[in-house]
Amino acid sequence: MSASTVKHLDPTQVELEISISRDELDAARERAFKQLVRNAKIPGFRPGKAPRKVFEAQYGSEVISERAMDALVPDVYMRAIRENDLEPVDQPQMELLPDEEGQPLRLRATVNVRPEIGLHDYKGIELTGPSAAVADDEVERSLEALRRDSATLVPVDRAVEFGDVATLDYEGRIDGVPFEGGKAENQSTEIAQGRFIPGFTEGIVGIRAGETKEIEVTFPADYSNKDLAAKNAVFSVTVQDVKVPEYPALDDEFAKRFNPEADLAGLRGDLRTRLESAAKSRARRALSTVLVDRLLAKHEFPLPSVMVERESESIYQEAQAYVARAGLKWADYLEQQNRTDDSVRAEYRAEAERRVKTTLLLEAIAKAEKIEATEADLESEITSLSRQYGQPRQAIVEMLRPNLASLIDGIVRSKTLDFLLDQAKIIELPAGTEATKTAPA
Amino acid sequence: MRAREVIIAPLITEKSMSGTTRQQYAFEVHRRATKTQIRQAVAEIFKVDVLKVNTVNVAGKKKNFARRGTRTSGMQPDWKKAIVTLKPGQKIELGGLNYFEH
């Protein structure tokens, strides 16, 4: 049997000394030989039939030893980890100690482990957060938005007014020269303030379909395109047609468009349910953040530096990929943000520490509370993912298979947060209290 | 003929290994070696007592070599096999295939 001793190098790193008895080693070698001989070609013997001595004479006993160690080492290592109740966070560094004849074989494994986390007072934390209640006027607002979206456009024969939808051709010139982005044809647009640069919309009002007008405008000084900012331009605008959006009446007929089974009250109910679930998840997110902050402040423990580095590196890589996708060079981005690579890295490191600490803490709580992902949790997660991506369950299962562990971790984490939120004393802040009834226009 | 010339190599095969439980060891020996010579040679090299020597002349196999266009055949050499029975309790370490390298 193997035996092991543990030495803590620091709170997140241990040195394990594992000794493997001769008997165990011999047994492992015999197993290794049995495996190897199956594929060994030795003249005079059918595959797998050669005695060990003959095999060793031809291939050398080192081959057997190596294979034996390959199989034995992970095995005894895992056993030592379990016996000593350690939770490694990365792969161990293994070292074979000098062999002494007749003595058990000794291995030294150095590995980073999860620190011991002394949990306290994680239940009943007082939190203040926004209420998840949905005010009546929010329902009315989203009903109104629905109505706007279902408008039908009716052509009219009159000059453009605010609120109309007009189809425009236009071309802008600065000092008589056309500029890039200043030209469009058949652009259907709602004539409303703030859509274009100041003066443009106002200029269009009053044009009749088929008419052309020159509109003089000045680009704002803070315009996003620096080449155009503060320049005077002349737009030649032709109005193709003018339409008035006609909104449907808010009645049961309208409700039937969205749900054939519902009347207007039913539609209001549906909207309310949808808003409520959105508000609830928003509130939960907000509360979770506060909760995690509290927990982090309450608990102090050393973080395994490998985890922090790994996380920090991955944030760094993500940031670089993000900047690259935006079409910027990393160096240019840094300059634009007036930062250095070092300062950015330091910031990411702090974030990484926070994330690692959160993960470790939540996992420790999950363990203490025996929160686990059940078969049913997994099932419902897969179902919801399958709905989200519009893919059959089987495809989702296939996709997840290599990442099953992280999926389970995710479920446990979210269940732990739910548990903590359930346990917390939540003080709701009233939200959306001004109940101004907006009359449908 | 000296002992090393008589005994050419130990014959290590599945079949010959099965004889070792009965104190029987097989060798490839010189084509013209006699049982007496084999007995003496084994005794000299392995320091054992030989009870019995059985020999058999093994005919070489006919081998065909097919190359593109030409087809030739050849013979493997004939050889003599000797199965030596030792006195009970004695044994020969055949582990080292290269027993005649000193």
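Author: Chain A has 13 helices and 11 strands in its secondary structure. The model is a predicted one.

Reader: How do you know what confidence the predictor has in chain A?

Author: The average pLDDT of chain A is 81, and 96% of the residues score at least 70. Residues 432–441 of chain A, however, have a pLDDT that stays under 50. For that stretch the model has 10 contacts beyond four places in sequence. Where pLDDT is low, the predicted coordinates should not be read in detail.

Reader: What share of chain A is called buried?

Author: Of the 441 residues in chain A, 34% are buried; the term requires a relative accessible area under 20%. As for contacts in chain A with a separation of 6 or more, 67% of them come from residues 24 or more positions apart.

Reader: What makes up the contact between chain B and chain A?

Author: Nine residues from chain A and seven residues from chain B take part. The two chains bury about 660 Å² between them, and 60% of this area is on carbon and sulfur atoms. Between chain B and chain A there are also two residue pairs in polar contact, both at pLDDT 80 or more. On the side of chain B that touches chain A, the residues divide into three nonpolar, two polar and two charged.

Reader: Why is the pair Arg46(A) and Glu14(B) called a salt bridge?

Author: The N to O distance between these side chains is 2.7 Å. The cut-off is 4 Å, for a side-chain nitrogen of Lys or Arg and a carboxyl oxygen of Asp or Glu. Arg46(A) and Glu14(B) therefore meet the definition, with their 2.7 Å from N to O.

Reader: What makes Arg345(A) and Asp341(A) a salt bridge, and how are they placed in helix H10 of chain A?

Author: Their closest N and O atoms are 3.6 Å apart, and the limit is 4 Å; the pair therefore qualifies as a salt bridge. Arg345(A) and Asp341(A) are four residues apart in helix H10 (residues 341–368) of chain A, so about one helical turn separates them. Arg345(A), at 31%, and Asp341(A), at 25%, are each partly exposed.

Reader: Why can the pair of Lys87(B) and Asp49(B) be said to tie together parts of chain B?

Author: Lys87(B) forms a salt bridge with Asp49(B), with 3.8 Å between the closest N and O atoms. Lys87(B) lies in the segment after strand S6 (79–86) and Asp49(B) in the loop between helix H3 (35–46) and strand S3 (50–58) of chain B, so the pair ties together parts 38 residues apart in sequence. Lys87(B) is partly exposed, at 43%, as is Asp49(B), at 38%.

Reader: Which residues are linked in a network of salt bridges?

Author: Such a network links Glu30(A), Lys34(A), Arg52(A) and Glu56(A).

Terms used. Residues are numbered from 1 along each chain as its sequence is written. Chains are lettered from A and ligands numbered from 1 in the order in which they are written. Side-chain values use heavy atoms; hydrogens and water are left out. pLDDT is the predictor's confidence in each residue, from 0 to 100. Contact means heavy atoms within 4.5 Å. Buried area is the accessible area (1.4 Å probe) that two parts lose on being put together, summed over both. A polar contact is a pair of N or O atoms within 3.5 Å; within protein, one must be able to donate a hydrogen and the other to accept it, and residues adjacent in sequence count only if both atoms are side-chain atoms. Ala, Val, Leu, Ile, Met, Phe, Trp, Tyr, Cys and Pro count as nonpolar, Asp, Glu, Lys and Arg as charged, and the others, Gly among them, as polar. Helices (H or I, at least four residues) and strands (E, at least two) are DSSP runs, numbered from the N terminus. Buried means under 20% relative accessible area, exposed over 50%, partly exposed in between (1.4 Å probe, protein chains only).
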